[in-house]
Amino acid sequence: MIGPMSLQLSDYDYPLPEALIAKRPLLRRDDSRMMVLHRDFQTIEHRQFRDLKILLQPGDLVVLNNTRVLAARRFSDDHAVDFLFLEKIGPARWKCLIKPGRKMRLGATAKIDNVSLRVEEILPDGERIVALDQDVDLYARGSMPLPPYIGRESESMDEQRYQTVFAQTPGALAAPTAGLHFTAEILSDMPHAFITLHVGPGTFRPVHSKNITEHRMHAESFSIPEDAAAKIDNAQRIVAVGTTTLRALESVARETRLLKAVKSNECKISPRSGETDLFIYPPFEFQVVGALLTNFHLPRSTLLMLVSAFAGREFLLRAYREAIRERYRFYSYGDCMLIL
């Protein structure tokens, strides 16, 4: 029961009190609340994240994203410029985002750890290509790239808490936040598999088009290893942890023209590495994922649109209104939602 669809950006909006944005993690990862949405019955219940195991069914496989967040945020030595280093593209050359952009126009210079850098190129989307005087590892002394709505600079505790306990493969510029609730003990108690999708800045870029179909996602790299593909093939239902996991799996399904037949084992996901720019919004036919664990997402975001496609937009926004009434904690360090 998905309900009427909408392609208008304004239909993916909701008001959120600032006080409900989680600025810091809870003392324990698994202390999070979990709102459970039952799509078949359009009902909502309120639980704790620790209840996840009892809501799983025989044959379920929990699939998680084991990307590791890079310490990609740096400040200039005078603290006037904020850099987010996206990737190294050659010896002493990096692609980055810079705030404020007006301070770093073409040819402008700054210093980090007394090493000079100069803006060589400004790309159409505002990203900069910078060249350094010498080749250095800018991640070695960087900090966690916390989202702007956190409203504070990264602290020492974020180095641990803005990573999942199973983070393994470096490459993300933001955490796969649905995975932040898991402890090693909880994870060891349920069938699971790991894939990798490196969360890039495109996931969080605002949607400016009034018609959402005009928005274009940036590509993000992913990898599905052989052992995970085999487990996915044999599962009765895939429980994706996070929108990044879901996007990787559904991208592979479309690349290989898979049938919607996971339960009968006709659906084969082969080991694969590549990039995806898949933008999921209503209506969308999900071919692999049968349940989704996700955090609460920003208004008008591509992530909210993805979850609307999975749960149904009207049902999801009703759940968000209830979450606000019940004082759930929102966004990266906030509570979670299980959609069944």
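Tutor: One term before we start: two strands pair if DSSP finds at least two bridges between them. Also, keep in mind that this is a predicted model.

Student: Okay, pairing then. How many bridges join β6 to β7?
Tutor: Seven bridges join them, and the two strands run antiparallel. One example is L84, whose bridge partner in β7 is L97.

Student: What sits between β6 and β7 in the hairpin?
Tutor: Two residues lie between those strands. A92 is in the turn and has a positive phi of about 60°.

Student: And how does β5 pair with β6?
Tutor: β5 covers residues 73-75 and β6 covers residues 82-90. They pair in the antiparallel sense, over three bridges. R74 has F83 in β6 as its bridge partner. This hairpin has six residues between the strands, and H79 takes a positive phi near 65°.

Student: Let's zoom out. How many helices and strands does the chain have?
Tutor: The chain has seven helices and 17 strands. Its radius of gyration is 20 Å, close to the 20 Å that the globule rule gives for 340 residues, so the chain is as compact as a globular protein of that length.

Student: What does the C-alpha trace span?
Tutor: About 60 × 45 × 40 Å along the principal axes.

Student: How much of the chain is buried?
Tutor: Buried residues make up 56% of the 340 residues. The chain exposes about 15300 Å², and carbon and sulfur atoms supply 50% of that area.

Student: Switching to helices. Why is α6 described as largely enclosed?
Tutor: Ten of the ten residues of α6, residues 302-311, are buried, so the helix is largely enclosed by the rest of the structure. Among them are L303, M305, V307 and F310.

Student: What do those buried residues pack against?
Tutor: They pack against β1, α5, β16, α7 and β17.

Student: You mentioned α5. Is T245 in that helix buried or exposed?
Tutor: T245 is in α5. At 0% relative accessibility, T245 counts as buried. Leaving out residues up to four places away in sequence, T245 touches V63, L64, N65, I195 and A240.

Student: How far is T245 from E153?
Tutor: They are 28 Å apart in space, C-alpha to C-alpha, and 92 residues apart in sequence.

Student: Where is H218?
Tutor: H218 is in the loop between β12 (192-197) and β13 (220-224). H218 is partly exposed, with a relative accessible area of 27%.

Student: Which residues is H218 in contact with?
Tutor: Leaving aside neighbours within four places in sequence, H218 is in contact with D125, E127, G202, R205, T276 and D277. V239 is another matter: H218 and V239 are 25 Å apart, C-alpha to C-alpha, and 21 residues apart in sequence.

Student: Back to backbone angles. What is the phi of D113?
Tutor: It is positive, about 55°, although D113 is not a glycine. D113 lies in the loop between β8 and β9. At 34% relative accessibility, D113 counts as partly exposed.

Student: And what about Y331?
Tutor: Y331 is also not a glycine, and its phi is positive, near 75°. Y331 is in the loop between α7 and β17. Y331 is buried, with a relative accessible area of 5%.

Student: Last topic, cis peptide bonds. Where are they?
Tutor: One joins K99 and P100, with omega about -10°. P100 is in the loop between β7 and β8. The bond from P282 to P283 is cis too, with omega near -5°. P283 is in the loop between β15 (272-276) and β16 (289-295).

Methods
Residues numbered from 1 in each chain as written. Predicted model: local features only at pLDDT ≥ 70, side-chain atom pairs only at ≥ 80, totals over all residues. Heavy atoms only, no water. Helix = DSSP H or I, 4+ residues; strand = E, 2+ residues; numbered from the N terminus. Buried < 20%, exposed > 50% of the residue type's maximum accessible area, 1.4 Å probe, protein only. Rg over C-alpha atoms; globule rule 2.2 N^0.38 Å. Areas by Shrake-Rupley, 256 points an atom, 1.4 Å probe, with all protein chains shown as cover. Contact = heavy atoms within 4.5 Å.
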